[in-house]
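Dear colleague,

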Amino acid sequence: MLKIGDKEFKSRLFTGTGKFSDNATMKAALEASESELVTVALKRVDTDNEDDDILRHLGHERINLLPNTSGVRDAKEAVFVAQLAREALGTNWVKLEIHPDPKYLMPDPIETLKATEELAKLGFIVLPYIHADPVLCKRLEDAGTSAVMPLGAPIGSNRGLRTQDFLEIIVEQSNVPVVVDAGIGAPSDAAKAMELGADAVLVNTAIAVSPNPVEMGVAFKMAVEAGRMAYEAKLAQAKNFAEASSPLTGFLDEL
Amino acid sequence: MTFYEKFKEYDWERIKSDIYSKTARDVEHALSKDKRDLEDFKALVSPAAMPYLEQMAQLSHRLTQKRFGKTIQMYVPMYLSNECQNICTYCGFSLDNKIPRITLRPEQIEREMKVIKKMGYEHLLLVTGEANQTVGVPYFEKVLDQVREEFSHISMEVQPMDQTDYEKLIDKGLNTVLVYQETYHQEDYKKHHPKGKKSNFQYRIDTPDRLGKAGIHKIGLGVLIGLEDWRTDCFHVAAHLDYLEKTYWKTKYSISFPRLRPFSGGMEPKVVMDDRELVQLICAYRIFNEEVEISLSTRERETFRDNVIKLGVTSLSAGSKTNPGGYSEEKDSLEQFEISDERSAQDIASMIQRQGYEPVWKDWDMALS
Ligand code: SF4
């Protein structure tokens with residue numbers, strides 16, 4: 001079972017709430033995906049209204065909310081928004097997203113590190129969205145992060161695991177769960193990420209913009225389970241043994 | 001959290017039976033992967049891997065060249081003192097061993113340094129027994145002041161210390177600390193270390209954590225082969241290394257696996273590792289971890305040392321004396337253990353070159369510390 005902070009998750013598929021055609025479809029798709037952690041942008045929630053439409057649709061007992069800081073441009077704004085979200089949504093979990101660049105929404109590593117440090121001190125369970133940068137991941141761990149969320153490809157691009165080489169290093173080195181976020185466009189990408197040893201994936205666009213989000217939600221659920229199972233069963237490798245050149249152990253016979 | 005927390009979850013007998021029940025299939029699986037985990041390491045050190053020794057050697061050779069090129073680092077130990085308050089059943093410096101005790105004074109260190117410098121060394125390993133009254137932190141601080149001007153990389157293999165003491169010594173120019181657990185078998189550890197500070201298993205096993213927290217540049221790990229089932233012991237080293245790399249990720253690591261050697265008043269090894277098995281172990285570590293430095297001391301025989309250069313080893317000592325003052329004045333009478341490879345540093349360097357490798361004398365600069 002996957003454990004982040006003090007919570008355990010049966011499902012390793014995390015989902016998002018953006019880009020759905022309507023909230024009823026979103027609810028149906030997310031329920032079908034069996035996802036237990038769903039991000040929601042604070043900027044889209046009407047925090048003064050207990051009957052907010054998005055929140056009302058996420059009222060399933062299995063679903064945990066993961067507010068994100070989407071829209072902020074630096075650490076200061078991020079900490080502020082995280083605190084607001086904690087008040088409004090009653091959770092100390094936060095997906096840290098700091099992208100000052102409005103075009104590609106590239107995460108700012110320096111501000112993200114600063115904000116993580118501060119939020120961890122304030123008792124938040126921080127899940128930062130970042131580049132697939134192995135050193136940054138270790139710096140975030142030192143800063144007290146509860147997981148890392150490296151991107152597979154530019155956000156919303158559906159291009160899959162363009163950062164695979166770096167994801168492999170991150171998975172190998174990490175002491176905290178690794179959640180591959182952004183870029184996952186097809187269930188096969190999600191399965192691949194899980195086969196590499198990622199602890200979970202976060203999928204939003206690929207489900208939300210599918211003509212049939214409910215079925216796509218199920219497809220991702222199955223892909224994530226298959227990928228994880230393959231990882232645990234230890235994937236066979238296509239590689240062959242090194243071909244012997246001149247023998248290196250022959251001297252042992254002469255000793 | 002320290003490694004000891006993790007260690008407590010390990011069950012010696014279970015790990016041992018895991019290792020001995022690995023099959024050819026597990027070994028092939030481990031060899032065919034891109035990256036190996038601790039389960040793969042178990043397969044690689046298992047008896048089942050023996051028929052794959054040549055394949056392991058080829059792979060280890062390739063991985064070592066990929067990461068280290070064709071180079072071998074050269075280092076030399078300088079024994080500062082043979083005083084020791086501990087009883088260790090396998091060591092010539094043990095308290096119950098009636099030998100004359102010497103701790104080098106600054107003039108003597110000066111003389112030793114001259115000889116060692118002439119041999120070409122820039123990487124010095126300082127060694128002592130454990131006698132905190134005579135060779136404690138103040139002594140080490142003075143020695144570091146004295147040697148840091150002359151050598152570009154300084155390592156120590158001395159008693160474990162507290163984090164703040166390490167911080168002081170790092171400030172004085174210490175780059176690397178070697179601290180071997182001797183054995184990870186907790187009960188047998190007690191038997192081999194019946195008296196002295198060293199009998200505190202937990203303090204010793206957590207030493208690399210204290211070093212990591214102190215921000216040391218490099219940590220050396222290992223066990224003494226011969227005290228316990230080597231396969232199980234070496235698995236623990238691999239697990240320790242894995243933990244440390246993930247936790248103190250700015251630190252470098254080296255490992256070594258000295259085989260128990262005769263010494264005055266000696267004890268018979270409980271297990272004997274043959275050369276074939278030592279080759280297996282070297283290759284297993286390299287295949288498990290492509291970045292770790294692997295060092296081999298002069299305890300091993302000439303032919304063996306010549307041949308393992310291509311197998312995964314990355315640093316060698318040569319021309320070593322294991323008695324205080326051994327380079328400049330003392331005869332070999334008080335040594336910690338007998339060395340096997342008696343060739344001079346220059347002979348070893350030529351041997352390395354003949355094999356198409358470069359002996360590297362200097363690979364660090366005080367400006368970087
Ligand atoms: S191994 Fe070290 S601590 Fe033990 S007797 Fe020898 S010098 Fe002393």
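This is a predicted model: local features need pLDDT of at least 70, side-chain atom pairs count only at pLDDT 80 or more; totals for chains, interfaces and linings use all residues.

The unreviewed UniProt entry lists A:G156, A:A182, A:G183, A:N204 and A:T205 under "binding site". These residues are spread over 50 residues of sequence, yet they cluster in space, with a largest C-alpha distance of 9.4 Å. The lining of the second largest pocket includes A:G156, A:A182, A:G183, A:N204 and A:T205.

A:A182 sits in the loop that runs between strand 9 (179-181) and helix 7 (187-195) of chain A. Is A:A182 buried or exposed? Its relative accessible area is 7%, so A:A182 is buried, the cut-off being under 20%. Setting aside residues up to four places away in sequence, A:A182 touches A:Y129, A:L151, A:G152, A:A153, A:I155 and A:L202.

A:T205 belongs to helix 8 of chain A, which covers residues 205-208. With a relative accessibility of 15%, A:T205 also counts as buried. Apart from its neighbours within four places in sequence, A:T205 is in contact with A:K19, A:G156, A:N158 and A:S210.

A:L202, a contact of A:A182, lies in strand 10 (residues 200-203) of chain A, a strand covered on both faces.

Which strands pair with strand 10 of chain A? Strand 3 (residues 13-16) of chain A pairs with strand 10 in the parallel sense over 3 bridges, and strand 9 of chain A likewise pairs with strand 10 in the parallel sense over 3 bridges. A:V201 takes part in both pairings: A:L13 has A:V201 as its bridge partner, and A:V180 stands opposite A:V201. Strand 9, helix 7 and strand 10 of chain A together make a right-handed β-α-β unit. The loop that holds A:A182 therefore belongs to the connection from strand 9 to helix 7.

Salt bridges

Over all chains, the structure holds 36 salt bridges. In chain A, the side chains of A:E97 and A:K95 meet in one of them, at 3.2 Å from N to O, and both A:E97 and A:K95 are buried.

In chain B, B:R105 and B:E107 form a salt bridge whose closest N and O atoms are 3.1 Å apart. B:R105 counts as partly exposed because its relative accessibility is 45%, and B:E107 counts as partly exposed because its relative accessibility is 42%.

A further salt bridge joins the side chains of B:R259 and B:D275 at 2.7 Å, N to O. This pair links distant parts of the chain, 16 residues apart: B:R259 is in the loop between strand 6 (252-256) and helix 13 (275-288) of chain B, while B:D275 is in helix 13 of chain B. Both B:R259 and B:D275 are buried.

Finally, B:D18, B:K22, B:E39 and B:K42 are linked in a network of salt bridges.

With kind regards

Notes. Residues are numbered from 1 along each chain as its sequence is written. Chains are lettered from A and ligands numbered from 1 in the order in which they are written. Side-chain values use heavy atoms; hydrogens and water are left out. UniProt positions are given in the numbering used here, feature names are shortened, and annotations may be inferred rather than shown by experiment. On a 1 Å grid over the protein atoms alone, a cavity is a set of points where a 1.4 Å probe fits but cannot get out, and a pocket is an open set with protein on both sides within 12 Å along at least five of seven lines; lining residues have an atom within 4 Å of a point. Helices (H or I, at least four residues) and strands (E, at least two) are DSSP runs, numbered from the N terminus. Buried means under 20% relative accessible area, exposed over 50%, partly exposed in between (1.4 Å probe, protein chains only). Contact means heavy atoms within 4.5 Å. Two strands pair if DSSP finds at least two bridges between them. A crossover is right-handed if, with the strands pointing away from the viewer, the path from the first strand over the helix to the second runs clockwise. A salt bridge is a side-chain nitrogen of Lys or Arg within 4 Å of a carboxyl oxygen of Asp or Glu.
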